[in-house]
Amino acid sequence: MGGAMFGTQIGHALGVLVNEVVGSTDIGLPLGPKGRAALLLTNIAAFGEGLGVPLEEVRLYLALREAAHQRLFAHVPWLRSHLFGAVEGYARGIKVDTAKLEDVVGQLDPSRPEELQEALQQGMFQPEDTPEQKAALARLETALALVEGWVDAVVHAAAEPHLPSASALRETLRRRRAGWRSGRADVRHADRTGAAAPAAARRLPAVGLAHRRPRDGRPRRAVGAPGHAADRRGPRRPGRFRPPRAAGLLRTGGAAGQGVRRRGRRRRRDRRDRRARRRPWGRRGRARGRRGRARGRRGRARRRPVSLHEDAARTLKEWSAPDGAQEALRLAYCDHLAARPDGVWRSCADGHITASALVVDPGRGRVLLTHHRKLRMWLQTGGHCEPGDTALAAAALREAAEESGVDGLTLLPGGPVRLDRHLTPCAWHLDVQYAALAPEGAVEALSEESLELRWFGWHEVADVADDSVVRLADRTRALL
């Protein structure tokens, strides 16, 4: 029974890989014959679906990655044996505890295969690692990080001058790997202030691919963020201009001074008379005053409604960032909206504001995540702003209701929870993240944008989602 269960778990893992990998070196290990590259065209087509990138460019980029892997393994002969040696060292420590397996299997209902599937996904049959296995696994992870970092840097340097979508495909692959690693590396936000560098990037100097300096050879100078115009007072009315007095005219009590004083008194008297004539005294004057006030009220009623762009700018201007990194993003968002009138719509190729919301069940201490159909990652609900959206908060609430199917959602008071900027195949997403509170007894409903909807406890989010979702969940939990 133990061998059969272990074989079932291995088969489940292989079944997942068959539908995910796009080449013989996609997982970092050289699985094919030496010097022979291989691509899975069916999986490549599935990977490129919905990215908005021509399929030819996707194939070419993945072929470059496969060729780079093959070149690396061909020119570093010891690398192949080193990787498989680490795998064998880990495999040698696997011990099948038949008694534990029989105890776990005895608790399952044979008539319900979904229980066995869930047990496999939760790792109930996974044995505990020995110290030797942990050391072998650390060697394997370090070597794979070096391989992936080298391939990523070399392929991007070769593809960027020729493929318009090279940067977007690079970021998509990073996020795909982050999903495989259960979100342990912060790769969605390599551009964000304060983000941790991925493991591969930290180890690149060891293979001679440290981050390059500018072409002139001088190091970059750190520049502090200037104060933003949204935080400063607007231009004030200039003080009254007073011309210099003529020498001797107002200092003496002579005839010239007296004439100037008389003319000044006459002008002041004339101004008082003109103001008195304009006052609405009498019945006719009072009627004019009432008509003027009525016109003012009608003008206020016809005031132009606030646009989504204006609402987003005002929301970001009034929002108080929790730390310095979030403040830098807030100012960058404000600059983007000030420079781009279309900065809230997906048609803005330089990047656009998006709205998302983490659906939270405070009473039961859990959050609802969606397994995104295109990205194959566990994320919070959210997406692009639509023409019918009148406010950023309303767009986030609409996305949460559409993707979760939960009725009666309300946003957590206080405005946005966090900001998050990441690159997607269509453009940079400047995401404004909210928290949506689910009512007691909320029931979710799957939409066409998701492969699965599932509730996770606060402590389970880090096991399935990337660092952006983890930070959003932690910040939301602190605000509740």
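How much space lies in the largest cavity? About 70 Å³, where a cavity is a set of points on a 1 Å grid over the protein atoms alone at which a 1.4 Å probe fits but cannot get out. Welcome to a short tour of a predicted model, in which local features need pLDDT of at least 70 and side-chain atom pairs count only at pLDDT 80 or more, while totals for chains, interfaces and linings use all residues. Residues are numbered from 1 along each chain as its sequence is written, and side-chain values use heavy atoms, with hydrogens and water left out.

**The cavity**
- The count comes to 1 cavity of 30 Å³ or more; a volume is the space filled by probe spheres set on grid points, which are joined across faces, edges and corners.
- Its lining residues (those with an atom within 4 Å of a point) include Val 22, Asp 26, Arg 65, His 69 and Arg 176.
- Helix 3 (55-75) and helix 8 (166-180) each supply at least two lining residues, and helix 3 gives the most, with 4.
- Helices (H or I, at least four residues) and strands (E, at least two) are DSSP runs, numbered from the N terminus.
- By class, the cavity lining has 4 nonpolar, 3 polar and 4 charged residues; Ala, Val, Leu, Ile, Met, Phe, Trp, Tyr, Cys and Pro count as nonpolar, Asp, Glu, Lys and Arg as charged, and the others, Gly among them, as polar.

**The second largest pocket**
- The pocket lining is made up of 9 nonpolar, 13 polar and 13 charged residues.

**Strands 6 and 7**
- Strand 6 (residues 418-423) has 5 of its 6 residues buried, that is, under 20% relative accessible area, with exposed over 50% and partly exposed in between (1.4 Å probe, protein chains only).
- Strand 6 pairs with strand 7 in the antiparallel sense over 6 bridges; pairing requires that DSSP finds at least two bridges between two strands.
- These two strands form a hairpin with 4 residues between them, and Arg 418 has Gln 433 in strand 7 as its bridge partner.

**Nonpolar cores**
- A nonpolar core is a set of buried Ala, Val, Leu, Ile, Met, Phe, Trp, Tyr and Cys residues joined through side-chain atoms within 4.5 Å.
- The largest such core has 30 residues, of which Tyr 333, Ile 353, Val 359, Leu 392 and Val 432 touch the most other members.
- Apart from this core lies another, of 27 residues, among them Leu 51, Leu 79, Ala 166 and Leu 169.

**Two residues to look at**
- Ala 355 is in strand 1 and is buried, with a relative accessible area of 0%.
- Leaving aside neighbours within four places in sequence, the contacts of Ala 355 include Gly 382, Leu 392, Glu 399 and Val 432, contact meaning heavy atoms within 4.5 Å.
- Ala 355 and Glu 399 are 44 residues apart in sequence and 7.8 Å apart in space, C-alpha to C-alpha.
- Arg 376, in the loop between strand 2 and strand 3 (378-379), has a positive phi near 55 degrees and is partly exposed, with a relative accessible area of 40%.

Conventions: 1 Å grid on protein atoms, 1.4 Å probe; cavity = no way out; pocket = protein on both sides within 12 Å on 5 of 7 lines; lining within 4 Å.
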